[in-house]
Amino acid sequence: STISLARLITENYGDKVKRTTNSMPYPRNVTKAEEKLVKNLYAQAQFHAVIQAICEDPTASFMPILAIQAAPLLMTLVRKGKIGSYWYHRIYAISLWLPFAIYWWRFYLRTIDMGEIYWSANVARLVVLKLRFSGYNQEFAWAVGFFFLALGFEYLCPPFNHMVNNNIYYYCFFLTGYTILGPTYDKRHYLPLFRSKNVDIRSHVD
């Protein structure tokens, strides 16, 4: 019902072409292929944000709000000519990467279990996102996703957490993989947004 209501509001009041992020022009030195990769990462982040919102840990639940609230603020600044779209993408990309640094610190202090976070991220990326990109509607994709989410929370996460928390080698392996190696490998596609020193401050939305 929530998805149906959101779709109804979007169809009546939203713009299917110019949305908050995809309406932002990209720097001139960013190729179409690089732009497509960046947009793909943006899409992944949106699915991860929905999954994180139902996490039991308050920090994990509210962590996506930084990027969600940063986007309209930055868009307003671009429209007013205070910053260029280059800076919009730079700051937005950093806000999407920042949660991994927070997770590293939380995992390091062992104030949150890895299992639920790992499983949530994989369900968002490998189940829900794949189904949506394959043409399935939102209701079906999320229903399947939440089924696997509940299944993993009940039967897979407890033994995983026990294994990781009682073996320092496994702990370091997954800590490094999820918060450093994984994000570094995926987020490398953001690099074109940072490689030029000549920031086009005139690039804005009319």
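**Ground rules**

I am working with a predicted model, in which local features need pLDDT of at least 70, side-chain atom pairs count only at pLDDT 80 or more, and totals for chains, interfaces and linings use all residues. Residues are numbered from 1 along each chain as its sequence is written, and side-chain values use heavy atoms, with hydrogens and water left out.

**The whole chain**

I looked up the secondary structure and found eight helices and zero strands. Helices here are DSSP runs of H or I with at least four residues, strands are runs of E with at least two, and both are numbered from the N terminus.

Next I checked burial: of the 206 residues, 40% count as buried. Buried means under 20% relative accessible area, exposed over 50%, and partly exposed in between, with a 1.4 Å probe and protein chains only.

I then turned to contacts (heavy atoms within 4.5 Å). Among those with a separation of 6 or more, 77% come from residues 24 or more positions apart.

The chain exposes about 12,600 Å², and carbon and sulfur atoms supply 63% of that. These areas come from the Shrake-Rupley method with a 1.4 Å probe; for residues, only the protein chains shown count as cover.

**Helix α4**

I compared length with expectation for α4, residues 65–79. Its 15 residues should span 21 Å at 1.5 Å a residue, and the end C-alpha atoms are 22 Å apart, which agrees. The expected span is 1.5 Å times one less than the number of residues.

Buried in α4 are Ala-67, Ala-70, Ala-71, Leu-74, Met-75 and Val-78. Their cover includes α5. Just after α4, I noted that Gly-81 takes a positive phi of about 80 degrees.

**Helix α8**

Where does α8 bend? I found the bend at Gly-177, by about 45 degrees; that is the angle between axes fitted to the seven residues ending there and the seven starting there. End to end, the 19 residues of α8 reach 26 Å from first C-alpha to last, close to the 27 Å expected.

The buried residues of α8 include Tyr-171, Phe-174, Leu-175 and Tyr-178. Helices α2, α5, α6 and α7 are among what covers the buried residues of α8.

After α8 I stopped at Leu-191, which is exposed at a relative accessible area of 55%. From Leu-191 to Val-30 is 161 residues in sequence, yet 9.8 Å in space, C-alpha to C-alpha.

**Aromatic rings**

I counted rings last, and the structure holds 19 aromatic pairs. Rings of Phe, Tyr and Trp (its six-membered ring) pair if their centres lie within 6.5 Å; planes under 30 degrees apart count as stacked, over 60 as edge-to-face and the rest as tilted.

Tyr-88 and Tyr-92 are stacked, because their centres are 5.9 Å apart and their planes lie at 25 degrees. The two are four residues apart in helix α5, so about one helical turn separates them. Tyr-88 is buried at 0% relative accessibility, and Tyr-92 is buried at 6%.

Phe-160 and Phe-174 pair edge-to-face, at 4.9 Å centre to centre and 75 degrees between the planes. Phe-160 sits in α7 and Phe-174 in α8, so this pair ties together parts 14 residues apart in sequence. Both Phe-160 and Phe-174 are buried. Ring pairs also link them into a cluster whose members include Phe-100, Tyr-103, Phe-107 and Tyr-178.
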